[in-house]
Amino acid sequence: MQYAQLKHLPNVTMSDIYTGNGVSELINLTMSALLDTGDEILIPSPDYPLWTACATLAGGKPVHYICDEQSDWYPDIEDMRKKINDRTKAIVIINPNNPTGALYPKEVLQQIVDLAREHQLIIFSDEIYDRLVMDGKEHVSIASLAPDLFCVTFSGLSKSHMIAGFRIGWMILSGNKNIARDYIEGIKMLSNMRLCSNVPAQSIVQTALGGHQSVNDYIVPGGRIYEQREYVYKALTDIPGISAVKPQAAFYMFPKIDTKKFNIVNDEKFALDLLRDKKILIVQGSGFNWHQPDHFRVVYLPRIEVLKEAVGKIGEFLQYYRQ
Ligand SMILES: Cc1ncc(COP(=O)(O)O)c(C=O)c1O
């Protein structure tokens with residue numbers, strides 16, 4: 001509740017906050033409660049693929065809007081607009097983003113709010129990386145800009161506190177809850193059906209979010225995440241045929257690969273060939289519902305020595321690889 005206040009989420013009471021066995025469980029729960037067969041929901045491409053999976057599992061139709069590499073991977077608002085129709089129920093944003101590492105500025109968030117308002121759409125905002133923002137930037141919760149809309153904001157401790165195995169996340173319903181009364185009943189029902197989320201993990205949230213935030217030491221110059229980003233961005237983009245937008249948040253980068261140069265037509269095959277030849281595991285862009293074979297995701301959490309070895313091997317591999 002205090003965290004919701006710090007993020008300026010409007011119209012939130014204690015009963016609007018749900019804990020979950022990770023954000024994952026809550027994504028599944030909110031999609032199941034929302035989507036009837038054929039209902040559409042706007043989801044980013046590339047996405048964190050659980051969103052697409054859970055929307056599909058609920059019988060909904062995920063409709064992917066483009067995040068534009070030319071614009072620092074921000075959502076393409078015109079593409080979003082084109083894909084809205086009378087079956088569209090909601091817009092999902094992932095901010096900061098997995099897999100691109102993008103952080104959306106307030107102006108972009110405002111445009112999404114305006115669109116959601118025009119079409120009366122629910123906004124789902126996955127903000128699990130909101131405490132992992134670099135370069136002195138500030139994360140803005142989209143719900144803080146939309147007191148008249150119904151928003152669901154997700155966060156958790158898996159990333160900021162690096163305790164993914166504890167399985168603790170939460171979601172906060174905010175804004176205009178009157179227009180979502182039936183939906184909230186559905187959420188309550190599904191939430192009650194699983195009895196409760198992991199209680200020992202719930203008990204650590206207040207302590208984890210209060211006081212000194214050790215993650216803040218990681219994301220400034222001299223800190224692990226910051227320095228690893230600096231290293232991996234430079235080392236990878238120094239390889240001929242690889243370019244990238246420098247990530248500003250989270251711990252991912254989504255580099256582009258020159259498919260003509262390497263004759264790549266199948267990115268899954270590219271990932272498997274790299275794994276077999278060099279024992280380096282990346283995830284190909286299509287794993288994030290990206291529909292061209294020209295990207296892959298890097299997780300830059302390993303220490304610099306490990307990243308150095310891995311990037312070196314990717315460089316060697318690309319000297320001879322032609323698909
Ligand atoms: C964008 C995003 N949302 C949610 C999750 C899931 O987090 P949790 O461990 O809280 O289930 C992840 C994990 O990678 C993620 O990247």
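The report below covers the ligand site, then the backbone, then the helix pairs.

This is a predicted model, in which local features need pLDDT of at least 70, side-chain atom pairs count only at pLDDT 80 or more, and totals for chains, interfaces and linings use all residues. Residues are numbered from 1 along each chain as its sequence is written, and side-chain values use heavy atoms, with hydrogens and water left out.

**The ligand site**

Let us start with the ligand. The residues surrounding the ligand are Gly22, Val23, Ser24, Tyr48, Ile94, Asn98, Asp126, Ile128, Tyr129, Ser158, Lys159 and Arg167; a residue is listed if one of its heavy atoms lies within 4 Å of the ligand. From the side chain of Tyr129, an N or O atom is 2.6 Å from a ligand oxygen. Arg167 likewise has a side-chain N or O atom, 2.8 Å from an oxygen atom of the ligand.

**Backbone details**

Next, a look at the loops. Helices (H or I, at least four residues) and strands (E, at least two) are DSSP runs, numbered from the N terminus. Ser45 and Pro46 are joined by a cis peptide bond with omega near 0°, and Pro46 sits in the loop between strand 2 (40-45) and helix 3 (50-57). The peptide bond from Asn95 to Pro96 is also cis, with omega about -5°; Pro96 belongs to the loop between strand 5 (88-94) and helix 5 (106-119). Trp73, a residue other than glycine, has a positive phi, near 70°. Trp73 lies in the loop between strand 3 (61-68) and strand 4 (74-75).

**Helix packing**

Two packed helices are described by the angle between their axes and the distance between the axes. Axes are lines fitted to C-alpha atoms, for helices over the stretch in contact, and angles run from 0 to 180 degrees between N-to-C directions.

| Helix pair | Angle | Axis distance |
|---|---|---|
| Helix 2 (22-34) and helix 3 | roughly 35° | within 8 Å |
| Helix 10 (224-237) and helix 13 (304-320) | about 15° | 10 Å |
| Helix 12 (267-278) and helix 13 | roughly 110° | within 11 Å |

Contact here means heavy atoms within 4.5 Å. Ala, Val, Leu, Ile, Met, Phe, Trp, Tyr, Cys and Pro count as nonpolar, Asp, Glu, Lys and Arg as charged, and the others, Gly among them, as polar.

Helix 2 meets helix 3 through Ser24, Ile27, Asn28 and Met31, which touch Leu50, Trp51, Cys54, Ala55 and Leu57 of helix 3. By class, the contact of helix 2 with helix 3 has seven nonpolar, two polar and no charged residues.

The angle in the table makes helix 10 roughly parallel to helix 13 (under 35 degrees; 65 to 115 is roughly perpendicular). Glu227, Gln228, Tyr231, Val232, Ala235 and Leu236 of helix 10 make the contact with Ile304, Leu307, Lys308, Val311 and Ile314 of helix 13. This contact of helix 10 with helix 13 has eight nonpolar residues, one polar and two charged.

Helix 12 and helix 13, in turn, are roughly perpendicular to each other. Their contact is formed by Phe270, Asp273, Leu274, Asp277 and Lys278 of helix 12 and Lys313, Ile314, Glu316, Phe317, Leu318 and Tyr320 of helix 13. Six nonpolar, no polar and five charged residues make up the contact of helix 12 with helix 13.

Key: Angles under 35 degrees count as roughly parallel, over 145 as roughly antiparallel, 65 to 115 as roughly perpendicular and the rest as oblique. A polar contact is a pair of N or O atoms within 3.5 Å; within protein, one must be able to donate a hydrogen and the other to accept it, and residues adjacent in sequence count only if both atoms are side-chain atoms.
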